[in-house]
Amino acid sequence: MANQFNALEIIKIAMNVEKEGENFYKRCVEVNSEPEVKKVFKELQEDEQEHYKYFKRLLKIFDEEDKSITRDYLYEQEVNNYLKALVDTKVFPTDDKITDDIAHNLQEAIEVGIKAEKNSLLLYAELIDIEEDKNTIEALEKLIIEEKRHLIKLESLKSQI
């Protein structure tokens, strides 16, 4: 594999980050009892889920536009793990025990969310710098706007506790 990611690999990386975010925020919803806190984490979870679906649709568009290039390798678990390891951003915790421990501590969950959203912003900004495909750049730019909104939400929640 080349040093530079292709558009499809970038989309898969983004999908992995969004799925991890969805899982993290879902766990935060499950373990917190304050209605306002649950509401914020639920909104974040749903946003991450929508972002994942957005990238999945974009991946489908790529598949439909150019049938000459095989993309089957992107769906293999080993390649998926490889792409995650290449980036190794640790944007969101992926270990269930660690996630549970964090989710049970509201302050820590908010801090992890803030750090993860900042890391997502940095990752997507870096990916834009190396990407050439207009559709992928546009998708990443939209996602950056969303991640900034998440950051503001979490900072606001942090100021309330």
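Is the crossing of α1 and α2 left-handed or right-handed?

Author: The crossing of α1 and α2 is left-handed (the near helix is turned anticlockwise from the far one by less than a right angle; clockwise would be right-handed). Bear in mind that this is a predicted model, where local features need pLDDT of at least 70 and side-chain atom pairs need 80 or more, while totals for chains, interfaces and linings use all residues. Numbering runs from 1 along each chain as its sequence is written, and side-chain values use heavy atoms, without hydrogens or water.

Helix α1 covers residues 7-31 and α2 residues 35-65 (helices are DSSP runs of H or I, at least four residues, numbered from the N terminus). They pack at about 160° with their axes 8 Å apart, so α1 and α2 are roughly antiparallel (over 145 degrees; under 35 is roughly parallel, 65 to 115 roughly perpendicular, the rest oblique). Axes are fitted to C-alpha atoms over the stretch in contact, and angles between N-to-C directions run from 0 to 180 degrees. Sorted by class, the α1-α2 contact has 15 nonpolar, four polar and 10 charged residues (Asp, Glu, Lys and Arg are charged; Ala, Val, Leu, Ile, Met, Phe, Trp, Tyr, Cys and Pro nonpolar; the others, Gly among them, polar).

Leaving aside neighbours within four places in sequence, F41 touches Y25, C28, V29, N32, L106, A109, I110 and L154 (contact means heavy atoms within 4.5 Å).

Now for α5. Helices α1 and α5 pack at about 170°, axes 11 Å apart, which makes them roughly antiparallel. Among the residues in this contact are Y25 and C28 of α1 and A109 and Y124 of α5. By class, there are 13 nonpolar, two polar and two charged residues.

Notes
Helix = DSSP H or I, 4+ residues; strand = E, 2+ residues; numbered from the N terminus.
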